[in-house]
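Please look over the sequence and the structure shown here. The report below takes a few local features in turn.

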Amino acid sequence: MVDKNFSMSSFLALRYTEKPGVDFTEKLLYRHPTIPADGERISVRTARDINDALIRQIEEIRQRYSKIGILLSGGMDSAILASYLSGCDAYTFRFLGGEYQIEELQRAEAYAKYYGLIIHYVDIDWNTVTHNLKSVMMSKGGPVHSIEPQICQGAKQAMEDGIDLMIIGDGSDYVFGGMDQLLAQDWTFEDFYHRYIYIEPEKVLKEPVSVRYLFERYRQGENINFMKFMDIVATEESYGSYSNAFHAAGLDYFDPYEKLKMEDLLDLKRVRNGESKYLIRDLFKMRYPDMPIPNKIPMPRPVDMYFADWKGPVRPEFRENLDMTQYKGNQRWLIWCLEQFLNMVDEL
């Protein structure tokens, strides 16, 4: 079923098209990721449990693939996975000649050195992004998250090096309570709705479709079951970005955190007192006992720089004379990428 107006609205609000079987166009099918069933996941209670589960998974993977790589950032999640992959190839994004978020780059280098990984730099600039944009949009059947072109580039580079599987650590945030800003309080329905959506479609599109129905599924009176919402909606959005980028490049990938689940309920008090992903923090201390725990930051991408001078969309689907100064770089990406996708569809 094609519903262009819904698909555009859903992408701007949620960063993906939420309804399975609903497409932007009859020319392309929209890809949704496969999420592990709860019964297939491994229950863990302590950092030691996570350690043992990661060891088992990685040992099994190393028997099935001849040359494994890892996407290594300066964060805890990939650093922990790197600690089980001594001698493997690590791929680290380096933006704008290494001048963007240099501390993140230096931490990744330190983790690779600590456990003897061979580090490779994936240099990313605007040309890299635009070079990979069409392939990831064609693969997804829709516009994409701003990390997808750079992940696709990293996957392509790894394949040239003979890598046949890439390890990633995306799932940790969603399994172990890493979304600390969204977990920071108990939300009313209205407050969570306005806090979570990326762009209100009504402010950007001429024919918007409301996505409030999705939030209504999780309503509890005047409040909302935000934990369940994030476990389902936020997880699918994030997994879909990684899944699609690797699919576009043609490289297998594996996220060991994706296969885990917490046996005990998340301790929101600890998260709200500054201990987001407290079990992962404990495991980091085990694997890197003499290194400080890094601050949590998203995968870097200099979208504010990329779109500093962008004047806004010109296609007829968008409202005219949008004030782009009210939107941050990640929001500008969503609008720009949607316009690029619509232009691409017209040319198919």
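## A buried serine

S243 sits in helix 10, which spans residues 226–249. The model is predicted, and the values here are computed from it.

Is S243 buried or exposed? Its relative accessible area is 12%. Buried means under 20%, so S243 counts as buried. Which residues does S243 touch, leaving aside its neighbours within four places in sequence? The contacts are R31, P33 and Y253.

Now turn to helix 2 (residues 47–64) and helix 12 (residues 278–287). Their axes come within 8 Å. They cross at roughly 70°. Angles from 65 to 115 degrees count as roughly perpendicular, so helix 2 is roughly perpendicular to helix 12. The crossing of helix 2 past helix 12 is right-handed.

Which residues make the contact? Helix 2 supplies A47, R48, I50, N51 and L54. Helix 12 supplies L279, I280, D282, L283, M286 and R287. By type, the residues of this contact divide into seven nonpolar, one polar and three charged.

## Aromatic pairs

A pair of aromatic rings is described by two things: the distance of the centres and the angle of the planes. How many aromatic pairs are there? The count comes to 31.

One of them joins Y114 and Y115. Their rings are 5.1 Å apart, centre to centre. The planes are 45° apart, and the pair is tilted. What about accessibility? Y114 has 34% relative accessibility, so Y114 counts as partly exposed. Y115 has 19%. The cut-off for buried is under 20%, so Y115 counts as buried.

F307 and W333 form another aromatic pair. Here the centres are 6.2 Å apart, with 80° between the planes. This pair is edge-to-face. Where do the two residues lie? F307 is in the loop between helix 13 (303–306) and helix 14 (329–347). W333 is in helix 14.

## A cluster of rings

Ring pairs can also join up into a group. Which residues do they link into a cluster? The members are W187, F192, Y193, Y196, Y198, F215, Y218, F226 and F229. Find these rings in the structure and trace how the ring pairs link them.

How values were computed
Residues are numbered from 1 along each chain as its sequence is written. This is a predicted model: local features need pLDDT of at least 70, side-chain atom pairs count only at pLDDT 80 or more; totals for chains, interfaces and linings use all residues. Side-chain values use heavy atoms; hydrogens and water are left out. Axes are lines fitted to C-alpha atoms, for helices over the stretch in contact, and angles run from 0 to 180 degrees between N-to-C directions. Helices (H or I, at least four residues) and strands (E, at least two) are DSSP runs, numbered from the N terminus. Angles under 35 degrees count as roughly parallel, over 145 as roughly antiparallel, 65 to 115 as roughly perpendicular and the rest as oblique. A crossing is left-handed if the near helix is turned anticlockwise from the far one by less than a right angle, and right-handed if clockwise. Contact means heavy atoms within 4.5 Å. Ala, Val, Leu, Ile, Met, Phe, Trp, Tyr, Cys and Pro count as nonpolar, Asp, Glu, Lys and Arg as charged, and the others, Gly among them, as polar. Rings of Phe, Tyr and Trp (its six-membered ring) pair if their centres lie within 6.5 Å; planes under 30 degrees apart count as stacked, over 60 as edge-to-face and the rest as tilted. Buried means under 20% relative accessible area, exposed over 50%, partly exposed in between (1.4 Å probe, protein chains only).
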